[in-house]
Amino acid sequence: TPCDQALLLKGIHGVGKSESIKKYMEDRGYRMVTLFLGQAADAGDIIGLPTRTEKVVKDDKGNIVDTFQITDFAPPKWWPTDMSEKVVIFLDEINRGKPEIMQCVMDMVLNRKLSGRELPKETRIIAAMNPIDDGYYQVEELDPALLDRFNVYDFRPTVDEWLEWANDCKVNPIVTTFIGKYNDHLDPPNSKDAKSGEVYPSRRSWKRVSDIINTNPKLTEGNRKGLLNILIGVIGTRSATALDKHIREMGSGLTVKLIL
């Protein structure tokens, strides 16, 4: 799509929205600026803070006839200053932002400006949000006028697509072979089946499991009680117990197919 068309990805937590966009855009030479709108306290976090600057008034002959102070906004640190730079502005948690934050977003998406400053021509604006109709999340419905400024897509990578990504990113074979065999453990249950306060797995938490095993491979050997206790806090009791059983049956998790 053209650079001036903003994109909005809808997907459950931990599915890889920000990670996928970051890798895709950085591989193509973009600098990624991530703004967590749900954490922004006020509009100043987005547009910068007001400051005073001197305004010089000249006549038609170039002579200074007056000077006075005006209020301007000092741009935030992330704001692109090189107009030839390729930048992607990633608006994460867009439906968690306060109303005053959303007004800033509207100006940036609609006019590709912020406080009168234009974005570089090669700037892409991409947003992400959790679905409001799932019932899982404490999120707000986007203003229809703002939503209409985005091309909106459901972000639902398949299990095979996640496994392909996991193998490319060196996710531990114990994890990939387990998910390949028991893919119902990859994502959390829907809101109707989930219990409040319970720990459930997500694609993001499976990456953490891989990092834990890669950091200390001995956890998978012999008495795995320590590993099981760790995993319960990452992916919940049901998935941790199933993975422990898988390790017991499969050992390292390596298979002929994976080696080949």
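A nonpolar core is a set of buried Ala, Val, Leu, Ile, Met, Phe, Trp, Tyr and Cys residues joined through side-chain atoms within 4.5 Å. In this predicted model, the largest such core has 30 residues. The largest pocket has a volume of about 810 Å³.

**Nonpolar cores**
- Inside the largest core, the residues with the most contacts are Ile-46, Leu-91, Ile-94 and Met-108.
- Two or more residues each come from strands S1 (6-10), S2 (31-36), S5 and S8, and from helices H2 (44-47) and H3 (99-111).
- Helix H3 gives the most to this core, with seven residues.
- Ile-46 touches Leu-35, Leu-37, Ala-40, Pro-76, Trp-78, Ile-101, Cys-104 and Leu-114, leaving aside residues up to four places away in sequence.
- A second, separate core has 20 residues, including Trp-206, Val-209, Val-234 and Ala-240.

**Largest pocket**
- The lining of the largest pocket counts 34 residues.
- Nearest the pocket centre lie Val-15, Gly-16, Lys-17, Glu-19 and Ser-20.
- Elements giving two or more residues to the lining are helices H1 (17-26), H5 (159-168) and H7 (203-215), plus strands S5 (87-92) and S8 (123-129).
- Helix H1 gives the most to this lining, with six residues.
- By class, the lining of the largest pocket has 16 charged, 11 nonpolar and seven polar residues.

**Helix H6**
- Asn-172 caps the N-terminal end of H6. One of its side-chain oxygens lies 2.9 Å from the backbone nitrogen of Ile-174.
- H6 spans residues 173-181, and its buried residues are Ile-174, Val-175, Thr-176, Thr-177, Phe-178 and Ile-179.

Definitions and conventions:
Residues numbered from 1 in each chain as written. Predicted model: local features only at pLDDT ≥ 70, side-chain atom pairs only at ≥ 80, totals over all residues. Heavy atoms only, no water. Buried < 20%, exposed > 50% of the residue type's maximum accessible area, 1.4 Å probe, protein only. Helix = DSSP H or I, 4+ residues; strand = E, 2+ residues; numbered from the N terminus. Polar contact = N/O pair within 3.5 Å; in protein donor to acceptor, adjacent residues only side chain to side chain. 1 Å grid on protein atoms, 1.4 Å probe; cavity = no way out; pocket = protein on both sides within 12 Å on 5 of 7 lines; lining within 4 Å. Points joined across faces, edges and corners; volume = space filled by probe spheres on them. Nonpolar A, V, L, I, M, F, W, Y, C, P; charged D, E, K, R; others polar. Contact = heavy atoms within 4.5 Å.
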